[in-house]
Amino acid sequence: MNHTDHDVDHALAYPEPPASPLWHRDGPRPRRLTPEQQRRNREVLLLAQRRPRPTTTDTAAA
């Protein structure tokens, strides 16, 4: 297969722009969850996993 210049995607020929300076990772670390928050999250997750997913007709009627 022979590639010619018109086969090249010119958008790929240029480097990506630099990342936004707003995307830095510096700053305060997130707070750890308290044991009470962890317990609550586990309970909510278990409830969500047991409950059947709503159908589109259920959500449209609500």
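I started with the overall fold and found 2 helices and 0 strands in the protein. Both are DSSP runs numbered from the N terminus, a helix being H or I with at least four residues and a strand being E with at least two.

A note on what I am reading: this is a predicted model, where local features need pLDDT of at least 70, side-chain atom pairs count only at pLDDT 80 or more, and totals for chains, interfaces and linings use all residues. Residues are numbered from 1 along each chain as its sequence is written, and side-chain values use heavy atoms, with hydrogens and water left out.

Next I checked burial, and buried residues make up 0% of the 62 residues. Buried means under 20% relative accessible area, exposed means over 50%, and partly exposed is in between (1.4 Å probe, protein chains only).

How many salt bridges does the structure hold? I found 2 salt bridges, each defined as a side-chain nitrogen of Lys or Arg within 4 Å of a carboxyl oxygen of Asp or Glu. Side chains of opposite charge can pair when their charged atoms come close.

I then looked at Arg39, which forms a salt bridge with Glu36, their closest N and O atoms being 2.4 Å apart. Both lie in helix H1 (residues 35–50), 3 residues apart, about one turn of the helix.

Arg39 also meets Glu43 in a salt bridge, 2.2 Å from N to O. These two sit 4 residues apart in helix H1, again about one turn. Shared partners join Glu36, Arg39 and Glu43 into one network of salt bridges.
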